[in-house]
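Here is a short briefing on one protein model. Keep the structure open while you read.

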Amino acid sequence: MSAREQSQSGALSAASRSPCEAAEAAPGRCLSLLPWDRFSAWLHCVCVVGFDLELGQAVEVIYPQHSKLTDKEKTSICYLSFPDSNSGCLGDTQFCFRFRQSSSRRLSLHCMLDQLDRDLPVSLKKDPAYYYGYVYFRQVRDKTLKRGYFQKSLVLISKLPYIHLFHTVLRHIAPEYFVKNEPFLEAVCSDVDHWPPPVPGKTLNLPIMGIIMKVQIPTCHDKPGTTHIVQFTHEEDAQISIALPTVHEVDLFKCFCPVFFHIQMLWELVLLGEPVVVMAPSPSESSDTVLALVSCISPLKYCSDFRPYFTIHDSEFKEYTTRTQAPPSVILGVTNPFFAKTLQHWPHIVRIGEIKLPGEVPKQVKVKKLKNLKTLDSKPGVYTSYKPYLNRDEEIIKQLQKGVQQKRPAEAQSVILRRYFLELTQSFIIPLERYVASLMPLQKSISPWKNPPQLRQFSQQDFMKTLEKAGPQLTSGLKGDWIGLYRHFLKSPNFNGWFRTRRKEMTQKLEALHLEALCNEDLLFWSQKHTEVETVDLVLKLKNKLFQADREHLPMKPDTMEKLQMHIDAIILALPDDLQDILLKTGTT
């Protein structure tokens, strides 16, 4: 069977999938999956970007062919899919970029994907405004071409931040694609369209061109810091070729090794949403380091923009490099020497040299003043005048140095570093969580016959007062100006994003408790003591609440929705026939 026939048969099988299979993807809802729905749950499209002597970089292939990209998006993909010429990336190079989706075409997520997104940790939730691009770039000498080089990139475009998974896929398919071309690409896409939906918490087997990858996507219910070890347990696992320990994590220790002694200061800069630029010799080092920085405040979500690889052709280049206003809250990864001059006014610059697997103890690198950064050839280090709020934790430095001396595996070093960042972030965020929980009204103040009570306002002054007895000192031995760090954080985009999420969760909880209180009342008895107009008004309000509860997936007891529907049905049946007909046909808004 040809690759095209495989693809068509994949489409037919997608069309004939049972509603039960669809329900697996969206629990509680029966959706019929259409051709390419499964593919779309993982990828938006696959692009091939080549170099044309007349046009420069150009998108040669987009697959599936019905995939839509605006001209602006295609331009972004073209420039971001090739390393800068100064990088000198001969051979094969892998990296990642992130770009804005055109607002004119931005749509709400498919309800199936919406459901899956709800169960993800906040740091892995999709951002409707951005795409990720995962690149496998090949540059080799070829005398038959006018330019003297073969230059081409295979690019996976996705909403999912699953860096490790997609880089693994590209490592397996790209070398063969460069030999077999488009028919091979069709077969790849057909395989992806047979993948199960990316359901968090489930062990998934993903076939791709002769191998099967076994993965597990984290959930928001996982204990922070735990990693799902995918184990081989059954005989059928004999056909599994790769078991991935993670879908999204980068090699943290390898990324931070060049700036080893400043990890805590970098954590503060990311936490506070400070403008940071990473200058690196190649897109691989640039993108990995930016992604490592963004992940270091997990389980907090980094709420500002970040660009793992940013070029002078980017549509936001002027916006992010202007000197007429302060640099925005963003982390940029760059490789072009031009940026050393253009971004000289940025307050925090991380200069990365060639990232090598650490085989010796990193040397102490002092924080350098910004005026010393003249070119991209400047020595590796952190160029900033920032003074950290917290004293440096010497223990983590000693622990990691000892690991290098004892030749501890890089994976183990990364686990230690990730746990350190997690504990630091949790020590910082727990006092905020505790204070925000106190803004919740008491359950006894919830009356079924009144609107749900409002959350109390966040008061910075009241929060600061709680730190004396219930501050980070309860879980962290680190000394320093914690109060100053909190004051700065409360003005940052990361606090705004975190508090917005918490406020929404707590408001939904109040709505759920209010519905449960309504369900415990004898609503039929109430309706018999009130006028028909009041009863009809109650039914319409209850129907609306039921619709909203279902749409927003309010955190209620399992039988609350069923009880509420029974109350509505009982009240309607007690009304005159003409009103019954009207109310049974009346929908909700």
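The points below go from the whole chain to single residues.

This is a predicted model. The protein chain has 589 residues, and 51% of them are buried. It holds 21 helices and 13 strands.

**The chain as a whole**

- Take the contacts between residues at least 6 apart in sequence: 72% of them join residues at least 24 apart.
- The structure contains 19 salt bridges.

**Two helices that cross**

- Two packed helices are described by the angle between their axes and the distance between the axes.
- Look for helix H14, residues 410-437, and helix H15, residues 460-470.
- Their axes come within 10 Å and cross at roughly 120 degrees.
- Why is this pair called oblique? Angles of 65 to 115 degrees count as roughly perpendicular and those over 145 as roughly antiparallel. The crossing angle is roughly 120 degrees, so H14 and H15 are oblique to each other.
- The crossing of H14 with H15 is right-handed.
- On the H14 side, Pro431, Leu432, Arg434 and Tyr435 make the contact.
- On the H15 side, the contact residues are Asp462, Phe463, Thr466, Leu467 and Ala470.
- Sorted by type, the residues of this contact are six nonpolar, one polar and two charged.

- Side chains of opposite charge can pair when their charged atoms come close.
- Asp305 and Arg98 form such a salt bridge, at 2.8 Å from N to O.
- Asp305 sits in strand E10, residues 305-307, and Arg98 in strand E3, residues 91-100. The pair therefore ties together parts that are 207 residues apart in sequence.
- Are these two partners buried or exposed? Asp305 has a relative accessible area of 8%, so Asp305 is buried. Arg98 has a value of 4%, so Arg98 is buried too.

- Asp314 is buried, with a relative accessible area of 9%.
- Arg307 is buried as well, with a relative accessible area of 0%.

**A salt bridge between two helices**

- Glu433 pairs with Arg502 in a salt bridge. Their closest N and O atoms are 2.8 Å apart.
- Glu433 belongs to helix H14, and Arg502 to helix H17, residues 493-519. The pair therefore ties together parts that are 69 residues apart in sequence.
- Glu433 is partly exposed, with a relative accessible area of 27%.
- Arg502 is partly exposed, with a relative accessible area of 21%.

**A salt-bridge network**

- Which residues do shared partners join into one network? They are Arg98, Arg100, Asp127, Asp305, Arg307, Asp314, Glu316 and Glu319.

**Cis peptide bonds**

- Most residues other than glycine have a negative phi, and most peptide bonds are trans.
- Tyr63 and Pro64 are joined by a cis peptide bond, with omega about -5 degrees.
- Pro64 lies in the loop from strand E2 (56-63) to helix H4 (71-80).
- Another cis peptide bond joins Ser298 and Pro299, with omega about 10 degrees.
- Pro299 lies in the loop between helix H10 (283-295) and E10.

**Positive phi values**

- Asn181 is not a glycine, yet its phi is positive, near 65 degrees.
- Asn181 is placed in the loop between helix H6 (163-180) and helix H7 (182-192).
- The relative accessible area of Asn181 is 39%, so Asn181 is partly exposed.
- His553 also has a positive phi, near 50 degrees, and is a residue other than glycine.
- Find His553 in the loop between helix H19 (532-552) and helix H20 (560-573).
- His553 is partly exposed, with a relative accessible area of 30%.

**A mostly covered helix**

- How many of the 11 residues of H7 are buried? The count is nine, and H7 is mostly covered.
- The buried residues of H7 include Phe184, Leu185, Glu186, Ala187 and Val188.
- Cys189, Ser190, Asp191 and Val192 of H7 are also buried.

Key: Residues are numbered from 1 along each chain as its sequence is written. This is a predicted model: local features need pLDDT of at least 70, side-chain atom pairs count only at pLDDT 80 or more; totals for chains, interfaces and linings use all residues. Side-chain values use heavy atoms; hydrogens and water are left out. Axes are lines fitted to C-alpha atoms, for helices over the stretch in contact, and angles run from 0 to 180 degrees between N-to-C directions. Helices (H or I, at least four residues) and strands (E, at least two) are DSSP runs, numbered from the N terminus. Angles under 35 degrees count as roughly parallel, over 145 as roughly antiparallel, 65 to 115 as roughly perpendicular and the rest as oblique. A crossing is left-handed if the near helix is turned anticlockwise from the far one by less than a right angle, and right-handed if clockwise. Contact means heavy atoms within 4.5 Å. Ala, Val, Leu, Ile, Met, Phe, Trp, Tyr, Cys and Pro count as nonpolar, Asp, Glu, Lys and Arg as charged, and the others, Gly among them, as polar. A salt bridge is a side-chain nitrogen of Lys or Arg within 4 Å of a carboxyl oxygen of Asp or Glu. Buried means under 20% relative accessible area, exposed over 50%, partly exposed in between (1.4 Å probe, protein chains only).
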